[in-house]
Amino acid sequence: MRIVQMTPYWLASTGGPSKYVASLRRELGDRGHHVHVVTPDAGAEGAELVSGPFPVRDLRAILTLRRLDPDIVHVHGSVRDLFAALVHRLGRPKVRVVFTFHTQPITRQFLPGLNRRRHDYGVVSAIVARVLLRKADLITSVSESIISAHNDGYDLDIRHYVRIPSGGDPCDTGDRLADAPPASAAEHRGHPVLVSVGVMAWDWKVLGHLVAVRAVDELRRTYPAVLLLVAGDGPHRAVVEREVAALGLGQHVRLLGNVSPEPLLSASDIYVHMAMNEGCSLAIIEAMHAAKPIVAANAGGTPEVLASGESALLIEPEPHELAEAVRTLTSDVQYRRKLGARAREVALERYTWSVIGEQYEAAYRSLLAHPHGGGPRL
């Protein structure tokens, strides 16, 4: 198959959606398909760059699709790109158009004042989005909660969709604590090393980091060498830095910026994820693959991935509840290992890029097997 992925999330973007698109491209390529990425992202290395003001960018996108002549146009998160894909389909009726939702809509604020942009759609743009989405051959979402939130917040009236979640790469689960520079086994033996991953661009992720920081403030009374390693960066990093300074936690919290989470997970005892409005977190799935015990906020799409008491502990995102969960796991090694082992089993069964690629490949083939007229609702 010839597949074009249209995406605003590419190399200049940080966070799960850009990694999702890149990983799906790799997996589909490994399966023998010809995959191109079309993006307005300035970091368009390895992709077709289509940029410019309206309608220049849109015309360039349509012309690029005409030149690439795909069987499938897979649009990631951008209704504007969906418009270009549907216009292209007018001249190529056999083309199938897939649209994927990656992120929760911006319909509320968890930390007022952090995000000026409060809404994804205005009244008119929501109507346009609703019309265009109905023209797609298939809608997918990484999380059922994302679809519900878009329907509730913007009345998009999405009735038929397929949940295809995020994936991860299986990894070595050996204990390599001594290999990770942020912490050493000798210094922290018996004192939990926690890891939290999340970009500091959205208020619900920033507040999640603040919950983790405040929990460390409580935990240091029990564990004087407790350490929280935070991976992620963004325009609101200073909010977290101020909290760390105000609580005097400079020896207990390290904000590491945009670093690879793999060595941090290897160094950690527990992965914590208090983000309030996730869809399907790649960071959580990577922690599952690393067989780490996870404490996560019981919010958004996270309960679709993790079963509390079985593959993780799901809690209300409050500092005291997080501190209590960390104490429980720190004091019960067998339970900690059980949660981590089960999380890895679930990840290998449901959340690898091989599984996700297979699901999309099957969806594409099913769409192409149907005569034009909307395709199957899988």
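1. A residue is called buried when its relative accessible area is under 20%, exposed when that area is over 50%, and partly exposed in between (1.4 Å probe, protein chains only). Glu243, with a relative accessible area of 18%, is therefore buried. Glu243 belongs to helix H8, which covers residues 237-246. Helices here are DSSP runs (H or I, at least four residues), numbered from the N terminus.

2. The model is predicted: local features need pLDDT of at least 70, side-chain atom pairs count only at pLDDT 80 or more, and totals for chains, interfaces and linings use all residues. Residues are numbered from 1 along each chain as its sequence is written, and side-chain values use heavy atoms, with hydrogens and water left out.

3. Which residues does Glu243 contact, leaving aside neighbours within four places in sequence? They are Leu210, Val213 and Arg214, where contact means heavy atoms within 4.5 Å. Val213 and Glu243 are 30 residues apart in sequence, and their C-alpha atoms are 7.6 Å apart in space.

4. On confidence, pLDDT is the predictor's own score for each residue, from 0 to 100. The protein has a mean pLDDT of 91, and 92% of its residues reach 70 or more. Residues 174-186 stay under 50, and the model gives them 17 contacts beyond four places in sequence. The pLDDT is also below 50 over residues 373-378, a stretch with 19 contacts beyond near neighbours in sequence.

5. The structure holds five aromatic pairs. Rings of Phe, Tyr and Trp (its six-membered ring) pair if their centres lie within 6.5 Å; planes under 30 degrees apart count as stacked, over 60 as edge-to-face, and the rest as tilted. One of the pairs is Phe99 with Phe101: the ring centres are 4.9 Å apart and the planes lie at 70°, so this pair is edge-to-face. Phe99 and Phe101 are both buried.

6. Trp202 and Trp204 also pair; their ring centres are 5.7 Å apart and their planes are at 10°, so the pair is stacked. Trp202 is partly exposed because its relative accessibility is 33%, whereas Trp204, at 5%, is buried.

7. Val123, Val124, Ile127, Val128 and Val131 make a nonpolar surface patch of about 460 Å². Patch residues have over 30% relative accessible area and no salt bridge; nonpolar side chains (Val, Leu, Ile, Met, Phe, Trp, Tyr) are joined within 5 Å, like charges within 9 Å. A salt bridge is a side-chain nitrogen of Lys or Arg within 4 Å of a carboxyl oxygen of Asp or Glu. Accessible areas come from the Shrake-Rupley method with a 1.4 Å probe, and for residues only the protein chains shown count as cover. Val123 is in helix H4 (residues 123-135) and counts as exposed because its relative accessibility is 68%.

Conventions. Helices (H or I, at least four residues) and strands (E, at least two) are DSSP runs, numbered from the N terminus.
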